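Have a look around first, and then let's go through some of its details together.

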Protein chains: 2
Amino acid sequence: MSSYRLRVDNALRQYHAAVRTLPFRDTSGVAKYRHEVLAVVLRVCTGGSPRLEVLAWQRHHEPFEGRWALPSGPVEVDETMDAAMERHLATKLDLTTVRHSEQLASFSAPLRDPAERTIATAYLGLVAEHTEVSGEEVGWFATDRLPAMAFDHGEVVALAARRLQGKISYSNIAFALAPEEFTLAALREIYIGVLRHDVDVTNLSRVLSRRGQIEPTGRLVAPGDKGGRPARSYRFVERRLRITDPFAVLRAGGSPSSQGHRGAPGSH
Amino acid sequence: MSSYRLRVDNALRQYHAAVRTLPFRDTSGVAKYRHEVLAVVLRVCTGGSPRLEVLAWQRHHEPFEGRWALPSGPVEVDETMDAAMERHLATKLDLTTVRHSEQLASFSAPLRDPAERTIATAYLGLVAEHTEVSGEEVGWFATDRLPAMAFDHGEVVALAARRLQGKISYSNIAFALAPEEFTLAALREIYIGVLRHDVDVTNLSRVLSRRGQIEPTGRLVAPGDKGGRPARSYRFVERRLRITDPFAVLRAGGSPSSQGHRGAPGSH
DNA sequence: CCAAAAGTGTTTTGGATACACCCATGA
DNA sequence: TCATGGGTGTATCCAAAACACTTTTGG
């Protein structure tokens, strides 16, 4: 190799090294940043009192060595962030059974990654309780009792939990946390785990039925050791997110088309 | 300048130019992207039938020359995206009176900017009706009758309008669209513009009063040309976003503390 | 026959809507 | 005094909650 090539190569190598740690601008002066996707994978665990849990893995390198972090990874040049999210979960955790996922928010504090500025877009991913993930250093943690988290990941988990808590009240999002078929008692546990307060099975059943979210499968489930009436098995009517209760307040009203039946007196 | 420096400079210049148009990876193989913030600035315009309008400016260069685009700009190396948003609106449009702003979502389709891959984080910004903005080629457009928009900006506006429409039903977000003091009639127009259906003043007043969102200032507003009773002037109690109606469905219930007064019979 | 678990029937509650009616002003 | 617009009172509606009661199983 010529002396010229060597010197240029050397210059480029130094330049490259600088780019990795310093903010990089192209010749038009526009800065470029690393961009990663972050997964907040949640499930409801029902051994004991039901609780919402998040998937995390333990870091082996600085920064934040030893702390727990959310699954994450870079975005490839020809893929969307949604696709990147799916790809990282599939390749790193063998996780291909996320039942619902949606974008949460993007985090841009300049020092959130002390090694290099990295903008992160967080996703919420919901899985059923008994979902297998591979990897040795992974664990599930109750979202309200997190261990020491790396980066701003604690904040991200809190946001995800709040989002889920809101959405479970006005949508059918619980479909993504429940198995294909379930008893009302099991569904109740899921709601309790997310909402963190008691839920009346009777009313839960009637609310979800009225909204057309769930329907009985016709099958029965045998009772446990200590007897009891066998439970009916239910399923969610739709397995995609649907807003079932667009806010009741200040709604259109008046137009009979939006209400179906109206003006049927004598019921009170 | 030495021949050596010249040759290195030249190599770097070529390298720089390549980086600007091709996906860039640092030496660790991680791709870096341009990242911009996008502003969806909304107001309710009440001349005629009230309508929600968005601020846009006309492009003078390719790509999408002649089309209308949302205000946008890059994120500086030491600022958060929130700060970048505020900075671009202030410097480019003299707009420093955004009453409420929040992150909407990030957009990452690889070809959304045909010139170079750019990830964009969109923000919702709300202003009062008579807010001045500088700039010659800016205009306000009804969100449901947009002109041909550049990039994916039409989609972004639609998302923002939906977000606002939802939030106005369960929060005090209208404070950011209304002037400091207003009559109930004026507030009604704002709600009609956002919700796109008629709103009963009487009920609007009672709902917002019960929720503690608005209060009378004590002042009266003189009636118009054709007479009429003078209207009371109101203000929003808080000028920060507050969720006033955390979802009524499947709420905690039972605990008397969460309800205030209970068990007062004889009202039915 | 009893305990346990599932499901049904019925009452109560309270926010929200609809609408008739009263009040204050200008011409 | 009348048209116009603002504000109040009240009946109605209905989803949700509360809870007592019935049904079906295991021991």
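A charge counts as sitting over a ring when NZ of Lys or CZ of Arg is within 6 Å of the ring centre and within 35 degrees of the ring normal. Keep in mind that what you're looking at is a predicted model. With that in hand, find A:R43: it lies over the face of A:W140, at 4.2 Å from the ring centre.

Now step back and take in chain A as a whole. Its make-up is five helices and ten strands. The chain has 268 residues, and 46% of them are buried. How much of its contact count comes from residues 24 or more positions apart? Taking the contacts in chain A with a separation of 6 or more, such residues account for 65%.

Next, zoom in on a loop of chain A, the one between β3 (51-58) and β4 (68-69), where A:P63 lies. The peptide bond joining A:E62 and A:P63 is cis, with omega at about -5°. A:F64 has its place in the loop between β3 and β4 of chain A as well. Its phi is near 65°, which is a positive value in a residue other than glycine.

B:P63 lies in the loop between β3 (51-58) and β4 of chain B. Back in chain A, there's a positive phi at A:R196 too, near 65° and in a residue other than glycine. You'll find A:R196 in the loop between α4 (184-195) and α5 (201-210) of chain A.

Time for some aromatic rings. Over all chains, the structure holds six aromatic pairs. One of them is B:W68 with B:F141: the ring centres are 4.6 Å apart and the planes are at 65°, so this pair is edge-to-face. B:W68 belongs to strand β4 (residues 68-69) of chain B and B:F141 to strand β8 (residues 138-142) of chain B, so the pair ties together parts that are 73 residues apart in sequence. B:W68 is buried, at a relative accessible area of 17%, and B:F141 is buried, with a value of 17%.

Let's finish with the helices of chain B. Two packed helices are described by the angle between their axes and the distance between the axes. Helix α3 (residues 153-170) of chain B packs with α4(B) at about 135°, with the axes 9 Å apart. That angle makes α3(B) oblique to α4(B). On the α3(B) side, B:L164, B:Q165, B:I168 and B:S169 meet B:Y191, B:V194 and B:L195 in α4(B). By class, five residues of this contact of α3(B) with α4(B) are nonpolar, two are polar and none is charged.

Helix α4 (residues 184-195) of chain B also packs with helix α5 (residues 201-210) of chain B, at an angle of about 95° and with axes 10 Å apart. This makes α4(B) roughly perpendicular to α5(B). Here B:L184, B:L187, B:R188 and B:Y191 in α4(B) meet B:V201, B:L204, B:S205 and B:L208 in α5(B). The residues of the contact of α4(B) with α5(B) come out as six nonpolar, one polar and one charged.

Conventions: Residues are numbered from 1 along each chain as its sequence is written. Chains are lettered from A and ligands numbered from 1 in the order in which they are written. This is a predicted model: local features need pLDDT of at least 70, side-chain atom pairs count only at pLDDT 80 or more; totals for chains, interfaces and linings use all residues. Side-chain values use heavy atoms; hydrogens and water are left out. Axes are lines fitted to C-alpha atoms, for helices over the stretch in contact, and angles run from 0 to 180 degrees between N-to-C directions. Helices (H or I, at least four residues) and strands (E, at least two) are DSSP runs, numbered from the N terminus. Angles under 35 degrees count as roughly parallel, over 145 as roughly antiparallel, 65 to 115 as roughly perpendicular and the rest as oblique. Contact means heavy atoms within 4.5 Å. Ala, Val, Leu, Ile, Met, Phe, Trp, Tyr, Cys and Pro count as nonpolar, Asp, Glu, Lys and Arg as charged, and the others, Gly among them, as polar. Rings of Phe, Tyr and Trp (its six-membered ring) pair if their centres lie within 6.5 Å; planes under 30 degrees apart count as stacked, over 60 as edge-to-face and the rest as tilted. Buried means under 20% relative accessible area, exposed over 50%, partly exposed in between (1.4 Å probe, protein chains only).
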